[in-house]
Amino acid sequence: MSASLTLPALLASNPRLDQWVGFSTRGRVTVSTGRVEIGQGVLTAMLQIAAEELDVAPERILLQTGDTDLTPNEGYTAGSQSIQFGGVALRMACADVRALFLDHAAANFGYTRADLAVRDGAITLRGEPTGHDYWSLAAAVDLRRDATGQALTKSVRDYSVVGQSAPRVDLAAKVFGEPVFAHDVVLDGMVHARVVRQPRRGAAIASIDEAALRRAAKGPIEIMRHGNFIAILGADETVVEAVAAVAPNHVVWDGVDPINPFQEEARWLLQQPSIDRTIGPPPPSEPTPGTTRHEATYTRMHVAHASVAPSCGLALYRDGRLTVWTHSQGVYPLRDALVRTLKLDPAAISVKHVQGPGCYGHNGADDAAADAAVIAFLTPGKPVKVRWRRDEEFGFEPVSPAMVTTARATLDASGRPVDWTTEIWSGRHSSRPGGGGNLLAAEALPDPPPHPPAVEGGYPPGAGTRNGEPLYDFPAKRIVHHLIAETPVRTSSLRGLGATLNVFAIEGLIDELAERAGEDPLAYRLSILSDVRARAVVEHVARISGWQAGLPSGTGRGRGIAFARYKNMAAYAAVVAEIEVEESVRLNRVWCAADAGLVVNPDGAINQLEGGIIHAASWALKEGVRLDGTGISSRDWENYPVLRFSEVPEVTVELVDPGADRPCLGVGEASGGPTVAAIGNAVAHALGARLRDLPLTRERIMAALLRA
Amino acid sequence: MQSTSLTVNGNAVSVTAHGDTPLLDVLRNHLGLVGTKFGCGQEQCGCCMVLVDGRPEKSCGKPLSTMAGKAIVTIEGLGTPDRPHALQQAFLDEQAGQCGYCLAGILISAKALLDRNPSPSRAEIAAALDDNICRCGSHVRILRAVERAARLMRKGAAQ
C-alpha cells in the first residue's frame, strides 16, 4: 500500500468525494468521471480503476460521464491524459471513500481497523462477513466532504481487475445497433436544423434568395436569420437537408477574403511573419573544428480529422434554462463558451456528453453543439437537433495545421550528433472554445467575439513543438519554433499535434545520419540511446519484426524503424514498417512495441495503439486537405481519400512490461509519430531516395522516381 | 406524398413519404430504426449499408420510390443480445471496434459476403469491406472478427 499526501491535480480541483462516488441504490455504485468516451475505450478503464479501488464487482458500477450537472470538471478528454491524470484522481477518490467506510465501521462496531477489508462492497473482518456493506452504511458515511489524499491506495501486487484485459462496456450496444450516439437522440417535438455557414470568418450576408430556398423545400421550413447566422429549420429532416444542400447557392456574401490555394502545401509557412522562440541552449555561433553539419526539411499538408460521420448537437431552451447534448471533448469548457455567446448564467446551462463518431481532437463537435444552442435559444421551448452535412464537416471543422520541420545536426567524427536543432514552422494547434470565441455560430452572431490570438502551449508537452526534442543522448538539443498566427483555414488540435511531423523529421534525419555513417538504422539508434525503457521497446520491436541489418536499398521493398516517447512524458513506442513500392506504397506489415507503464486494460491499450498505427498510416500515405480560392475544397471521401480495408497492413502490437510498479502512461497518441516515420524510412529504403513531404502519395513517389 | 409498402427485418410496413426520401431517412426517421447510420449521404462511406433483397446497398442513395416490395434487413434485423448473429458474437469476441459508429454498416456488408461466400479469404473480406470506412483503425480486428464469424457459421451449418 502506498499513501499520497498531495492530491492529484484533478482531485484537488474537484475535491468533494460525492462528486466521484455514490451508493444511493442498493447493490449499485455510481461513479462519476469528467472523462468521456470518444471511441478510445476510456469508460471501461475508468470502471476497472473504480472497481479495483472500491473492491466491488465491475458489474455493480454505473458510470456517469461528462455532464456539467453530475460529474467533476476535468476540462478536456484529450492529450492521452485520461488514465495518466484522470484515472489517478479517480483512484485516489475511490481509495478515500473505501477508507471512510472502513474507518466508520472500526469506530462504531468495535472492530480493529487493520482487520477490515472490502469484498464486492461488503465489509469483512479477517475475511469473514460483518453484515455491513457500503449500502447499509451509506446513510452514516457522509461523502459530502473533501478528499484527504491520506487513504492508502492498493498495491499493484493486489490488483485483480486493473491490469486484466476487460471487454469494452460500450461495444455490445454498438454491435446490436442500439441508439447510443448523439445522432440517434430523438426529443419530443424536435425540429431538425442546418446552418448556412459563413464561407469565411467575417463574411457578411449581402442577400438571401428566400424564395429559392422555399422552392427547394418539399415541405414546411422556417428560415432563421440573426446577424450573419442563417439556419433552416423544419420537422422533416429530409426536407431540411435537401434545402441545406442547395442553400449556399442562394446566399450572397460580402467580405469573403480570398485565400491562396498554393498554401495547401506547407512551404509557404517559411515566408510568413511568426512569433519565434527557442527552447534549449542557444545555437553554437562557431562551427566546432572536426565536425560536419547535416540537415533536412520535412513537411506536411493540413490534415482533417475526417471523423466517420459529421458532428451533431442537440439543445433545448425552456424556462430560462439551456440544456445541450454534445459529443464535445469538454462539456465544461463548452458551457463556458456558451455562457459568453448567449450571455447566460453558467447555472442556467447544462451540457451533457453523448457519444459520437470517433474523435481524434477538436473537430466540428463543439460547433455543431453551439449551432443547436443558438437556434434553441432563439426558439424557446422547441428541442433542436443539428447534424452537420458531410461537406460541412470537411469544409468547416478545424484542421490540423500544415507544418514544416527542419532537423539539423552537427556531427562528430563518428557521425553522431553533438548538437541538434529541430526548427518548426506551424500554425496554431489549439483553438478550442472555452478560451474565448472559437465557435463558428458565435462568430456569425451580431457582436462577434474577438478572434483569439494564436498561442502555443508551454513546453513540455508543447503543441507545434511537441516531441521536437529527440530523446537521444545528444550533448546539446534545442527547439526553434515559429508560430504562424495567420493561416488560410481554421486550425486546431488533432491526435499527436506537432509530434506527427516532428517525429517524422527527427527519425527521418536519424536514418539519414545512420546511412552517412554507414551503419544500420537500428544499431545506430541504440548507440545514441541510453534511456533504458526506450532501448527496451526498440530492441523488442526489432526482435518481433525479425529486423535484419544490411538489407540492400532501392529494391522496391523496404523496412523502416522509428521510435518516440509521446510528449517525452507519455508512453514509449517503437515501430517497424514493411512496405513495397511500385507506383504507390503498399504497406504490408507493421510491428509495434510499447511501454505504457501500468496498463489498466491491456487489450484496450493494444486496441488504441493498433488504431493509432492505422490512422497514422492513412496520414502518411493518403491524407492532405486541398484548398481552393475560398477555403477547403476536399469536401468528400473521394477528394479526401483515407486508408481502406484492402490497404491496411497486418499489425502486431506488443506491450513491454517495465517490470515494476510504474505509473500509467497515456497511449492514445503514442504510436502515430513512430508509424509515420517508420513508413517514411521504409519508403526511403525501398526507393533508395528519401521523400520528405507528406503524404507519400503516388504522385510524389512518381516525381521522386523521375528525379532519381 | 405516397404510400410505399416494403418489408423491413421481416415485418411488412407501409411508409407515407415523398418518393425521393432516402431509404436511410425512412428507416431512421419514419420507422425509428436508428441502428443504420448517416455517414456522408453520398454513398461513399458505407455507414448506412443495409441488405436490399439480400444485396448490400447504401441506403442514403436509395429513394423510397424504388423500394416498393423489397425486403430490407438492417442491423436491428441481424440479431439481438439474447440471440446474437455469429458476426455480432465474433465482433464482441474479437473486441472489434472503437467508436463503433461504422460497425452497423460493416456488419451488414460482412453478412452479405458470408451469405454468398461462407469461406472467404482475408483478401476477399477486405475487398467486401472496401466500401465501408472505419476511421478509428479497428480494421485488423474487424477482419479477424469476420474470419471468426465465418468459422462459427460453418461450424453451425455442419451441425
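The legends below describe close-up views of a predicted model. Local features need pLDDT of at least 70 and side-chain atom pairs count only at pLDDT 80 or more, whereas totals for chains, interfaces and linings use all residues. Residues are numbered from 1 along each chain as its sequence is written, and chains are lettered from A in the order in which they are written.

**View 1. The domains of chain A.** Chain A is divided into domain 1 (2-170), domain 2 (182-255 + 306-396) and domain 3 (403-429 + 464-707), with bounds that come from an automatic or database domain assignment. The centres of domain 1 and domain 2 of chain A, taken over C-alpha atoms, are separated by 38 Å.

**View 2. An open sheet of four strands in chain A.** The strand order is E23-E24-E25-E26, with mixed pairing; strands are DSSP runs (E, at least two residues) numbered from the N terminus, and two of them pair if DSSP finds at least two bridges between them. Strand E23 (557-565) and strand E26 (650-655) of chain A each have a single partner strand and stand at the edges, so one side of each is left without a neighbour in the sheet. From one strand to the next, the twist averages 15°, where axes are lines fitted to C-alpha atoms and angles run from 0 to 180 degrees between N-to-C directions.

**View 3. The pairing of E25 and E26 in chain A.** Strand E25 (residues 585-595) of chain A pairs with E26(A) in the parallel sense over six bridges. A:Val590 stands opposite A:Val651 in E26(A).
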